Amino acid sequence: MFGVVEGPEGSEEVAVINGDPFYAGVQLTGVRHALEDVRLLAPVIPRSKVVGIGLNYADHASEMGSAPPTAPLMFLKPNTSVVGPGDPVMLPSFSDQISYEAELAVVIGRICKDVPLERVDDVIFGYTCANDLTARDVQMTDSQWARAKGFDTSCPIGPWIETDLDPENLSIRGTLDGELRQDGSTSDMVWGARELVSYVSQAFTLLPGDIILTGTPAGVGLIADGQRFDVDIEGIGRLSNPVRR
Ligand code: MG
């Protein structure tokens, strides 16, 4: 079921809502639970797609040996790649170089196409944390990125969707087993989150629940069986997932 997470940090409650908020809006049932008493699932499973954007932070493009692309570089992750907070990332047998990528994710709230920049806030439901896990070896050898970025469990999202947030200047951090590895700001994106929604909607009709991943700051690296990766974004919270072989 769905719910609204509210209240001060550390003592949040979940107000249960009727049905699916992407279609029925938010209708509270009156039932409430302490956040610590519930298990959070992925806040949405996209109906149609996760659109990824590659090399959208100049410092990450540089560490990959690339210049930033001259236009946003898009790829797709299937909805079967999505898992929720705390769910294990299962390392695929065809790769021994899986990298983490901490990212801000945009969640679409309305069917839309060709959205002008001045209207993107009308179609954005909110924002969440994501990890765009990537099989770096396969990315280099396959000329398409479907397998490298689309394998099962390669897109953890959560812990919830923040619906009241300005995405333009937020701290974004990635932590591997408690050690800070990525420390950036969404203000360093080549194309901002709202610009990306407009741009992506020129290519794809976007449906309620679709997700746009906005790229990762510098500091990517490999993750192995038994490790844990956390994504912390200012104004949203922490997404934490263990990794298993
Ligand atoms: Mg990425």
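Helices (H or I, at least four residues) and strands (E, at least two) are DSSP runs, numbered from the N terminus. This is a predicted model: local features need pLDDT of at least 70, side-chain atom pairs count only at pLDDT 80 or more, and totals for chains, interfaces and linings use all residues. Residues are numbered from 1 along each chain as its sequence is written, and side-chain values use heavy atoms, with hydrogens and water left out. The largest pocket has a volume of about 1000 Å³. A magnesium ion has Glu 101, Glu 103 and Asp 132 as its protein donors.

**Largest pocket**

- Pockets are found on a 1 Å grid over the protein atoms alone: a cavity is a set of points where a 1.4 Å probe fits but cannot get out, while a pocket is an open set with protein on both sides within 12 Å along at least five of seven lines.
- Lining residues have an atom within 4 Å of a point.
- Grid points are joined across faces, edges and corners, and a volume is the space filled by probe spheres set on the points.
- The lining of the largest pocket has 36 residues, and Gly 3, Val 5, Leu 40, Pro 159 and Trp 160 lie nearest the centre.
- Two or more lining residues come from each of strand 1 (2-6), strand 2 (13-17), helix 1 (21-24), strand 12 (155-162) and strand 18 (237-244).
- Strand 1 gives the most to this lining of the largest pocket, with 5 residues.
- By class, the lining of the largest pocket holds 23 nonpolar, 6 polar and 7 charged residues.
- Here Ala, Val, Leu, Ile, Met, Phe, Trp, Tyr, Cys and Pro count as nonpolar, Asp, Glu, Lys and Arg as charged, and the others, Gly among them, as polar.
- The largest pocket lies between domain 1 (1-38) and domain 2 (40-244), because both give residues to its lining.
- The domain bounds come from an automatic or database domain assignment.

**Second largest pocket**

- The second largest pocket has a volume of about 180 Å³.
- It is lined by 17 residues, with Leu 55, Met 64, Arg 136, Gln 139 and Trp 145 closest to its centre.
- Strand 4 (50-54) and helix 4 (136-141) are the elements that give two or more residues to this lining.
- Helix 4 provides the largest share of the lining of the second largest pocket, 3 residues.
- The lining of the second largest pocket divides into 6 nonpolar, 6 polar and 5 charged residues.

**Magnesium site**

- Glu 101 (OE), Glu 103 (OE) and Asp 132 (OD) lie 2.0 to 2.1 Å from the magnesium ion.
- Donors are N, O and S atoms within 2.8 Å of the metal (3.2 Å for Na, K and Ca); water is not among the atoms, so sites may look incomplete.
- The sequence spacing of the donor residues is E-x1-E-x28-D.
- Glu 101 and Glu 103 are both buried.
- Buried means under 20% relative accessible area, exposed over 50%, and partly exposed in between (1.4 Å probe, protein chains only).

**Backbone geometry**

- Most residues other than glycine have a negative phi, and most peptide bonds are trans.
- Gly 158 and Pro 159 are joined by a cis peptide bond, with omega about 10 degrees.
- Pro 159 sits in strand 12.
- Asp 114 is not a glycine, yet has a positive phi of about 50 degrees.
- Asp 114 is in the loop between strand 9 (102-108) and helix 3 (120-123), and counts as partly exposed at 47% relative accessibility.
- Thr 153 also is not a glycine, and its phi is positive at about 70 degrees.
- Thr 153 is in the loop between helix 5 (146-150) and strand 12, and counts as buried at 10% relative accessibility.

**Contacts of individual residues**

- A polar contact is a pair of N or O atoms within 3.5 Å; within protein, one must be able to donate a hydrogen and the other to accept it, and residues adjacent in sequence count only if both atoms are side-chain atoms.
- Asp 230 is in strand 17 (residues 228-233), and counts as buried at 9% relative accessibility.
- The side chain of Asp 230 makes polar contacts with the side chains of Arg 238 at 3.5 Å and Ser 240 at 2.5 Å.
- Asn 56 is in the loop between strand 4 and helix 2 (58-63), and counts as buried at 0% relative accessibility.
- The Asn 56 side chain reaches the backbone oxygen of Trp 191 at 2.9 Å.
- Glu 195 is in helix 6 (residues 193-203), and counts as partly exposed at 38% relative accessibility.
- Glu 195 and Val 115 are 80 residues apart along the chain, and their C-alpha atoms are separated by 9.8 Å.
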